[in-house]
Amino acid sequence: MLYEQKPVMARMFFREAVTRAVREEMTRDPHVLILGQDVGSFGGSYREFDGLYKIFGPERIRDTPVAEAATVGIAAGVAAAGYRPLVSITYMDFLMLGFDALINYAAKLRYKTAGGLSAPMVVKTTAGAQGQGVAHSQCIEAWLMSVPGLRVVAPSTPADAYGLMKTALRSDGPVVYIDHKRLFPTPGDVPVTETSIPFGQACIRREGTDLTLVSHGYMMRVACDAAQIVAQDGISCEVIDLRSLAPLDIDTVAGSVERTGRLLTLEEGQTVCGVGTEVATRTFERTGPKPWMRIGALPAPVSSNPVLEAACIPDAPRVADAIRTLLTR
Amino acid sequence: MTHIDPVGALRAMLMIRTFEDTLARRKEHGFQLLSSGEEAVAVGLASALGAGDQLLTGGRSIGPALARGVAPERVMAELLGKSGGMNQGRAGRGHMSDPEVGFFGAHAVVGGNISIAAGVAMARQLDGDGGIVVILFGDGACGAGALHETMNMAAQWKLPILFVCNNNQLSVSTTRDAALAVANLSDLGATFGMWTRTIDGLDVQGVAAAARDAVRYVRDGLGPAFLECKSIRLRSHSTTARETRSRAELAELQTHCPIRRHADALQADGMLDDAQLEQMRQDAATEIAQAMAYAEASPYPAAQEVLRHVV
């Protein structure tokens, strides 16, 4: 080859990448539906469904009342009966109201029917802190990772938001797709041709030799900023974006930790029984014990008070300090 | 079916009662949710449904599944955890399903199947195939938020769904009057503008007639309907739950048994004599003995299958 062929990219915002994936899948498959609060002509609370209502109309895009329990249940039922609903839950905190249908019914349907029925549904929900207070800021993805039958993904870039949503809408069981309030207005390159990203494949965002830093979602930006800060001190971090939390790509993480010899996990949720704890346990089952630390929110609710919110949530200087500490071990 | 066959209805109710009694007598049946006293609701309701309709229920699902036409031997095997069950023994009590015969399934979280049923009804509406969905639940589910949320959305979207409350008047030990503030449970449906009726759930022909009316209303696209059937529970909540009622109370309840009542009515009308009734009892015993023999002979799943069909 005289020159390397690169895919042609288009620049777009994270929210536009979500819209594009949903639009393409709704066009391709008439069984794809959207249910949720303010998803119709309003276009979604973060405009992530902008313009879709005009194309697909009220039959396939249904505004629901404030009734998360029934909405998730109706989605599970319509999925079991042959459709592919996307349910929008405005804040991940509110998904707790829909846990019965999601966890007790949808996640177990294939198992209890011996493969006879399944619930191919996507719960798209928004995690994370952005000044909205104790019941609108939580990251509870670690709770969901432990549910057999549930897949959980959390993109951090527009390209992944696009590619993972495509896969989610074609999956044969329930998927929780977690985006983050702070990611919607972020731009990035997305392939112009239709592509999808398989679940269970982490991505190495930055190569390094001294330490492996693993994160997902919005905290990936914090991780990359921290890696940049310590690079000035000559510290080389390998930064891994999990992208998919269930299934989890331990091959990529363990391979990296074998090379670097150290693991730092970073998440915006709680560290107790958290994503990082799970990643570390499963990594060290492969590699044997290595020096590691975990960073997450402090063990307190996330207030809308700007000082308290910032104090609770990890930031790049805090992560950089942890990197330096870990390198002394 | 346009009219219920009165003799066939008796046969169906006897089969359900015999099935449950046989299951309860077997040692190591696991704990089971029996529906003795509620057979008229299951049989009357099922008589109003067509092949393209789907029935969903709460956990107390043996009678409704049999009335809907799931093969008794497959139900028995399923309840005993055997591979010959309709779900290969994985679903068991409270979770079995057989959509091919119109039994979309049970879900044993009280109230949990109501929103699922509305979703199945939404699929029927989108498909435009004329099929309707029936969700059967107990009075215990009437305090659950999921019911109220679902009724609102079903009414708003005119979903083809019939809500049927089998009001056996007890939620484990809590009486319906102690738990629910509304006068009639069908008033809950009326709040959302539904067709509603409260009827005697011990009269199989009355249930059949009301169900027929309700099904027609829903099938005509007029929106959801709510039918409350007042029944009784002749057994304790489950085969392992403590009975909270006195022997005298239970004996009094037995005088209201819907099967005895229907048999008496048929005999009074000259449609059935003692010999025929005895023959029907024997036929039911034979059929259920065969179902039990099939279930006993069916193997348990291999332990290695525990990780199959998870995702």
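The paragraphs below lead through selected features of this structure, which is a predicted model.

We begin with chain A. The UniProt record, an unreviewed entry, places the feature "domain: Transketolase-like pyrimidine-binding" at residues 12–186. Over this stretch the chain is 39% helix and 18% strand, and the end C-alpha atoms are 8 Å apart.

A charged residue in chain A deserves attention next. A:Glu268 belongs to strand β13, which covers residues 263–270. A:Glu268 is buried but takes part in no salt bridge. A salt bridge requires a side-chain nitrogen of Lys or Arg within 4 Å of a carboxyl oxygen of Asp or Glu, and the nearest side chain of opposite charge, that of A:Arg182, is 5.6 Å away.

Salt bridges are found elsewhere, and the count over all chains comes to 37. In chain A, A:Glu278 and A:Arg282 form one with an N to O distance of 3.2 Å. Both residues lie in helix α9 (residues 275–287), four residues apart, which is about one turn of the helix. A:Glu278 counts as partly exposed because its relative accessibility is 31%, and A:Arg282 is likewise partly exposed, at 30%. Chain A also holds a network of salt bridges that links A:Arg20, A:Glu24, A:Glu25, A:Arg28, A:Lys166, A:Arg170 and A:Glu194.

In chain B, a salt bridge joins B:Glu296 and B:Arg26, with the closest N and O atoms 2.8 Å apart. This pair links distant parts of the chain: B:Glu296 is in helix α12, whereas B:Arg26 is in the loop between α1 and α2, and the two are 270 residues apart. B:Glu296 is partly exposed, at 39% relative accessibility, while B:Arg26 counts as buried because its value is 16%.

Finally, consider helix α11 of chain B, residues 258–268, whose buried residues are B:Pro258, B:Ile259, B:His262, B:Ala263 and B:Leu266. Seen down the helix axis, these buried residues fall within an arc of 130 degrees, and therefore they line one face of the helix. Among the elements that cover them are α1, α2, α9 and α12 of chain B. After α11 comes B:Gly270, which has a positive phi, near 75 degrees.

Notes
Residues numbered from 1 in each chain as written. Chains lettered and ligands numbered in written order. Predicted model: local features only at pLDDT ≥ 70, side-chain atom pairs only at ≥ 80, totals over all residues. Heavy atoms only, no water. UniProt positions renumbered as here; feature names shortened; annotations may be inferred. Buried < 20%, exposed > 50% of the residue type's maximum accessible area, 1.4 Å probe, protein only. Lys, Arg positive; Asp, Glu negative; His and termini not counted. Arc of directions from axis to C-beta. Contact = heavy atoms within 4.5 Å.
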